[in-house]
Amino acid sequence: VAWSDSGRVLPAYAYTDASVFAQDRALLLGEWFAVGRVTDYPPGTYHTLELAGQPVLVWCSKDGKIRAFENVCRHRMSVLAEGSGEGQFMSCPFHGWTYASDGKLRSAPQVDKDLTEAIALPEFAVEIWLGFVFVNCDKNADAMAPRLEGVEELVRPHRIDEFSFSFMQSSETVVNANWKLMMEIGLESYHFPFVHRDTLAPRLMGAPDAPETNGWWTVSVEPRKHALLPSAEDPESLTDTERSTTFTFGVLPNTVFNIDVDNVVWFSVLPLAPTKSRVIYGVAARNEHCVRPLGGTEIVSVEEYQAWGDRLGAEDNAMSERVQRGLLGKHAEPGMLIRNAEHCLYDMQRYFEARIPNYPEIAQS
Ligand code: FES
Ligand SMILES: [Fe+2]
């Protein structure tokens, strides 16, 4: 019997056990991660990330092509680049091997040119979807866009592909929680009136719709009380859907998008260990005048928006850590899932079951 047939939350060990985590990680290494907007990668810039532990360098060359590489030097396997920055060339801090933005080794001190010629950073798959950059560490992964066809149709009225403003950030904060807990709290809105009483809750009506999914994504279609009235665009030109709907949708298993008519707040969870995770998150907006939160208070600067994002993140992260502690209770048992309000947890369970037999079963060693 599949776990999802029980109508219950996953058992505690699914969020703590090392062998379940190893299975999760193997799955994630073949999955698509959102790593920002195209506008977060102007020509000649790069960002580094660790996707489920895999060091990745996303690098845009001068001609505007965004590529992703394994961020590991081909000499003695040091991590190559750190953080974010600008540059056409990347030198390893260990012995100075230098790579170009096409991934090829350009020079290595005291080494003949003919020995370096064939050396290059392994390349990963990159796909652009509605202005977002996705990376898959499996070079031969199936294309992502066809998986999102159903959801693309749903969110198309908000025209997020046209959004011209963005910023993103890798959070330095390590959250003491399993990555699936962070996904679940990012996807369901049942907790809004409690965890986000003063932030998200005032504008949203609760009672989301839960459209059928093809198993690659999950979405909540949620009515909200009033439009965001973007100052740079005539609100009268908005359709009913634009005026009254937000979408919380997950590209399973690890990225969440909160889509509103003039902005998208998104994050990807980067698991580090069974009970440790980090996130990369960002905001995209129709233009720089439309950067304002879902809560209704007008926010006009990026700094204010970041502070808002940090506040929401802190509210959710504290709750994830609190659940993680609860999982250690001797009598802690998975309770019932609430229809619609928590349907995304059910969709996540189904996602795992379709890919890992008997999930979540502890592997016998
Ligand atoms: S490990 Fe990078 S140059 Fe030696
Ligand atoms: Fe939340």
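# Packing, rings and backbone: asking why

Modeller: Let's start with two helices: H4 and H8 pack with their axes 9 Å apart, at an angle of about 140°. The axes here are lines fitted to C-alpha atoms, for helices over the stretch in contact, and angles run from 0 to 180 degrees between N-to-C directions. This is a predicted model, in which local features need pLDDT of at least 70 and side-chain atom pairs pLDDT 80 or more, while totals for chains, interfaces and linings use all residues. Residues are numbered from 1 along each chain as written, chains are lettered from A and ligands numbered from 1 in the order written, and side-chain values use heavy atoms, without hydrogens or water.

Biologist: Why is H4 called oblique to H8?

Modeller: Angles under 35 degrees count as roughly parallel, over 145 as roughly antiparallel, 65 to 115 as roughly perpendicular, and the rest as oblique. The angle here is about 140°, and that makes H4 oblique to H8.

Biologist: Which residues of H4 and H8 meet?

Modeller: From H4 come Trp179, Lys180, Met183, Glu184 and Leu187, and from H8 come Cys344, Leu345, Met348 and Phe352. Contact means heavy atoms within 4.5 Å. These residues divide into seven nonpolar, no polar and two charged. For that sorting, Ala, Val, Leu, Ile, Met, Phe, Trp, Tyr, Cys and Pro are nonpolar, Asp, Glu, Lys and Arg are charged, and the others, Gly among them, are polar.

Biologist: What about H4 and H7: why are they oblique to each other?

Modeller: The axes of H4 (residues 179-187) and H7 (residues 302-326) come within 9 Å and cross at roughly 130°. H4 and H7 are therefore oblique to each other. Their crossing is right-handed. Leu181, Met182 and Ile185 of H4 meet Asp316, Asn317, Met319, Ser320, Val323 and Gln324 of H7. Five residues of this contact are nonpolar, three polar and one charged.

Biologist: How many aromatic pairs does the structure hold?

Modeller: Eleven. Rings of Phe, Tyr and Trp (its six-membered ring) pair if their centres lie within 6.5 Å; planes under 30 degrees apart are stacked, over 60 edge-to-face and the rest tilted.

Biologist: Why is the pair of tryptophan 129 and phenylalanine 249 called edge-to-face?

Modeller: The ring centres are 5.8 Å apart and the planes are at 70°, so the pair is edge-to-face. It links distant parts of the chain: tryptophan 129 is in strand E9 (residues 123-129) and phenylalanine 249 in strand E13 (residues 245-251), 120 residues apart.

Biologist: Are these two residues buried or exposed?

Modeller: Buried means under 20% relative accessible area, exposed over 50%, and partly exposed in between (1.4 Å probe, protein chains only). Tryptophan 129, with 3%, is buried, and phenylalanine 249, at 0%, counts as buried.

Biologist: What makes the pair of phenylalanine 134 and phenylalanine 257 tilted?

Modeller: Their ring centres are 6.2 Å apart and their planes are at 40°, so the pair is tilted. Phenylalanine 134 lies in strand E10 (residues 132-136) and phenylalanine 257 in strand E14 (residues 255-259), so the pair ties together parts 123 residues apart in sequence.

Biologist: Now the backbone: which residues are joined by a cis peptide bond with omega about 10°?

Modeller: Leucine 252 and proline 253. Proline 253 is in the loop between E13 and E14. Another cis bond, with omega about 0°, joins tyrosine 359 and proline 360. Proline 360 is in the segment after helix H8 (343-355). Most residues other than glycine have a negative phi, and most peptide bonds are trans.

Biologist: Where is glutamine 110, and why does it count as exposed?

Modeller: Glutamine 110 sits in the loop between strand E8 (105-107) and helix H2 (113-116). Its relative accessibility is 85%, so it counts as exposed. Its phi is near 65°, a positive value in a residue other than glycine. Asparagine 358, not a glycine either, has a positive phi of about 60°. That asparagine is found in the segment after H8 and, with a relative accessible area of 56%, is exposed.

Biologist: Last one: why is lysine 104 called partly exposed?

Modeller: Lysine 104 has a relative accessible area of 45%, so it is partly exposed. Lysine 104 is found in the loop between strand E7 (98-100) and E8. Leaving aside neighbours within four places in sequence, lysine 104 is in contact with Thr98, Tyr99, Ile119 and Ala120.

Terms used: Helix = DSSP H or I, 4+ residues; strand = E, 2+ residues; numbered from the N terminus. Left-handed = near helix turned anticlockwise from the far one by under 90°.
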